[in-house]
Amino acid sequence: MIYPHYALEVEELTVSFDGFKAVNGVTLYVEKDELRVVIGPNGAGKTTLLDLICGRTKPTGGKITFLDKVLTDMQEQEIVRSGVVRKFQTPSIYPKLSVFENLEVSHPKGRTAFGAIFFRRTSDVVDKIHAVAKEIYLDGLLDMEGEKLSHGQKQWLEIGMLLMADPQLLLLDEPVAGMSVREREQTADLLRRICKGRSAVVIEHDMKFVRKIADKVTVLHQGKLLAEGPMDKIESDPRVIEVYLGH
Ligand code: ADP
Ligand code: MG
């Protein structure tokens, strides 16, 4: 039997904070190799949706499945180990470590307590660091301290730190906030490249950027799914223009 197979399945997802439903019955499906962008006005529930997928917040209703694992039954650390990684709005890198070291400590072999002590710079780890650094435009800056990077470069480094673990699902909250025009263009290329072979859910406000990266766009409004589809359809949807794009 042939049936559609999605990587990420979010079904009837709801979370209520003291009776207020920040996410209210949201259903969406994301395919492998798909980069989905989530847009919507402030307070629409976008960040809360990512919190629910990565297990930071537990839902009051509904179910999330990723590659046949029920994420809503799992603890946050288990979800990370199953290949779901999250980038928050502000970059969190190690300011005193070099680019190389930031990537190195993000390698899964460096993660456990013993792993950290007995960690060796094996050639596979070094090769991986170089490959990731190239993807994030930092291969010429491997020795630079994290804190000396530009804001945009710090955002790229954090994406690189996530890539060290070969994640299956990337969750990115406003990855180009504070970036220059040139950095935004480079980030669009970077995201298009790195979503191949995996899935990504990206929250973004910059419509020019969304148009460049999105396979499909999901619009949230007051916790609910308002519209979904390719960007040209979303941009001409009167409901989306009324609550979001027209402002
Ligand atoms: P967005 O990212 O779309 O701007 P959020 O997901 O951050 O929106 O927030 C959606 C709504 O849920 C907002 O009204 C926010 O105040 C509320 N909210 C988010 N997290 C909590 C929480 N932990 N407790 C209470 N209310 C929350
Ligand atoms: Mg938000």
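**View 1. A salt bridge between E158 and K87.** The side chains of E158 and K87 come together in a salt bridge, with N and O 3.3 Å apart. What does this pair link? It ties together distant parts of the chain: E158 belongs to helix 6 (residues 151-163), while K87 belongs to strand 6 (residues 84-87). The two residues are 71 residues apart. Keep in mind that you're looking at a predicted model. For the whole structure, the count of salt bridges comes to 15.

**View 2. Two domains in one chain.** Here the chain is split into domain 1 (1-83 + 167-247) and domain 2 (92-166). Notice that domain 1 is written as two stretches, 1-83 and 167-247. How many residues does each domain bring to the contact? Domain 1 puts in 18 residues and domain 2 puts in 15 residues. Between the two domains, about 1300 Å² of area is buried, and carbon and sulfur atoms give 60% of that.

**View 3. Charged and polar pairs across the interface.** Now zoom in on where domain 1 meets domain 2: two salt bridges cross this interface. Have a look at E135 and R193 too, which form a salt bridge with their closest N and O atoms 3.5 Å apart. There are also six residue pairs in polar contact across the interface of domain 1 and domain 2.

**View 4. The side of domain 1 that touches domain 2.** Which elements give two or more residues to this side? They are strand 7 (169-173) and helix 7 (181-194). Helix 7 gives the most, with eight residues. Sort this side of domain 1 by class and you get ten nonpolar, four polar and four charged residues.

**View 5. The surroundings of ligand 1.** Which residues are around ligand 1? You'll find F17, F20, A22, P41, N42, G43, A44, G45, K46, T47 and T48. Let's pick out a few oxygen atoms of the ligand and see what they face. For G43, a backbone N or O atom lies 2.8 Å from an oxygen atom of ligand 1. A44 also uses its backbone, with a polar atom 3.1 Å from an oxygen atom of ligand 1. With T48, it's the side chain that takes part: one of its N or O atoms is 2.5 Å from an oxygen atom of ligand 1.

Terms used: Residues numbered from 1 in each chain as written. Chains lettered and ligands numbered in written order. Predicted model: local features only at pLDDT ≥ 70, side-chain atom pairs only at ≥ 80, totals over all residues. Heavy atoms only, no water. Domains from an automatic or database assignment. Contact = heavy atoms within 4.5 Å. Buried area = accessible area lost by both parts, 1.4 Å probe. Salt bridge = Lys/Arg side-chain N within 4 Å of Asp/Glu carboxyl O. Polar contact = N/O pair within 3.5 Å; in protein donor to acceptor, adjacent residues only side chain to side chain. Helix = DSSP H or I, 4+ residues; strand = E, 2+ residues; numbered from the N terminus. Nonpolar A, V, L, I, M, F, W, Y, C, P; charged D, E, K, R; others polar. Near = heavy atom within 4 Å.
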